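Dear colleague,

Please find the structure below, handed over for your files.

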Amino acid sequence: MAETEQITVATTSAGPGGAGEPGESVDLPVVELLTGRGFVTGKSGSGKSNTASVIAEKLLDNGFGLLVVDIDGEYYGLKEEYEILHVGGDEECDIQVTEDHAGKIASLALEQNVPIILDISSFLDEEEAETLLTEVAKQLFAKAKKQKQPFLMLVEECHEWMPEKGSMGEVGKMLIKIGKRGRKHGLGIVGISQRPADVKKDYITQCDWLVWHRLTWNNDTKVVGRILDSQYADAVEDLDDGEAFMMNDWAEQVRRVQFHRKQTFDAGATPGLDDFERPELKSVSDDLVSELETISEEQQETENRVKELREELDKKNSRIAELEAELQDARDLSRMAEQFTEAMLDQAEDYNPGRTEQGKMRRKRERFADAPEADGEPAADDEQPPEPDETADATSGGGFGDAFSAFAENGAAMNGGGGGEAASGSASDGATTNGHAPDADVAADGASADDGVAAVSVDGHADAAADDEAIRAAIADAVDAEQAGSGDDAAADDEAADSDGPAVYADLRADIAEFERKTRRMLAYYHEQGPGTPLNAHFSAGGSGDRTAAYARNRELRLRGLVEHVGRGKYDARLAALVREESDRRLDDDEVASAVSRLEAAFADADSA
């Protein structure tokens, strides 16, 4: 392409500010036009868009490439005469595109010399349109470095992308970059705006050719005065439609010119009362569209696959939530069963008034000290907590009255003459009564304080009152023996009751110290942060966030009673409640708070360990 090649776009006109004879042709050098920086401005209706269209038509007539950034949807009229690819965001375009098409659009424009209209007006989402324009500008700039082919980028309403005031987005920064550095790579740019005062002055001052159509606002005419001269600032208000002052770096004077009317359909004309007739537009090659359609199809497949994966993930997350809820329900039931068992055993021991509550709590801990965790493997036979014996069951249900009734029923059965029947009941091993035929004696061993066995001797022909008296005496002997044997324990319990606080603190401190560092730090997280999920607590404790590890450590804390489930998969620390339980609620609020405060040192050990 020779630098002498030119296109004719206007003729000189008469009037203030004009130079030369009216009617002379006004030519623009193609290379300067394609690779330079231009600015066309004028108020609405003054002819600025017509001027841009005339320049585009002349370039297309000569087979030169360009890309028009159409912000108002008024350039599709070029398709009346030219095979130009119209891309955008709606069905009026040849193909709908997104930022994923930016690389291919730039390749078609620079490598295959395909003229393109990038219709930004067809996007409902402004952010999506800006992203697409930014990516196309970046791709053009990057490919122009390698291609080294003269190419023009024409940008409508450039004040929206390159504002004089306010912050500039990525689009504006990229356009400014093309204006400053695009020329050396063969990439030119023309900015079009109806408000020159609103356009970044850094851009206007870099332009090597400018066209000033009619302007009337003071702020805009002042810009004309600063860049041209004050005489042009006054005259620019009186320019006719399509008339303009043009200055450039390759001419020595400002000329007053009248631009030609464009030859293609004026899609930007203000609608009138006449019927609107849209012309027949040229279609582009199917090969060009197919290349972009391939990208669209791949993008759609990717979006569909992502949608499917998200739906699968949502289903799995829902199932996980259901399973976690079921697991928590099972844990709650297990804990309720443990509490019920403990309550039954406590009630069975209540028949001994000599035992203190502190002693019962200590025996309870000893009873379950070696018991396996609820969610682990079943314990061996010798590791199972002792089951309450028959006498304990009898007394726990309704006290000594129920026990007496049980013995009385056995005696009544024997007095009724039933031979060969045997009944047994004891505080530990059971009291055995052997039934015989009438007139036979029933013998049993005497009551023992060590094993708690009470034996009853009943005559088969004795009166029922005598039987009842004998049973009452046997029960009384058993109770007296048990009380006598547990006297030392009662004294020890009374002495321990005075030191509930230190004892409880020491036991809990020892339990916490036995946990691994991350487990202790999870407890610290619940205590300091409040309700949270095991995954968050595990991550805060330095873990990897692995679900299995997180719930395993959380389970240790839960089984010890240090944390509890508070709903929606979250857990919270329960130190204060646990201290009250361990002390059988003997401590007041200040003592509980003191114990909890001292226990926090165990959490500090987790950070220093």
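Helices (H or I, at least four residues) and strands (E, at least two) are DSSP runs, numbered from the N terminus, and two strands pair if DSSP finds at least two bridges between them. This is a predicted model, in which local features need pLDDT of at least 70 and side-chain atom pairs count only at pLDDT 80 or more, while totals for chains, interfaces and linings use all residues. Residues are numbered from 1 along each chain as its sequence is written, and side-chain values use heavy atoms, leaving out hydrogens and water.

In the hairpin of S15 and S16, two residues lie between the strands, and arginine 568 takes a positive phi near 60°. S15 (residues 563–567) and S16 (residues 570–573) pair in the antiparallel sense over four bridges. Histidine 565 has tyrosine 571 in S16 as its bridge partner.

The search of the whole structure found four aromatic pairs (ring centres of Phe, Tyr and Trp, the last by its six-membered ring, within 6.5 Å; planes under 30 degrees apart are stacked, over 60 edge-to-face, the rest tilted). One of them joins phenylalanine 39 and tryptophan 212 edge-to-face, at 6.0 Å centre to centre with 75° between the planes. Phenylalanine 39 belongs to strand S3 and tryptophan 212 to strand S10, 173 residues apart.

Helix H3 (residues 102–111) is mostly covered, with seven of its ten residues buried.

How values were computed: Buried < 20%, exposed > 50% of the residue type's maximum accessible area, 1.4 Å probe, protein only.
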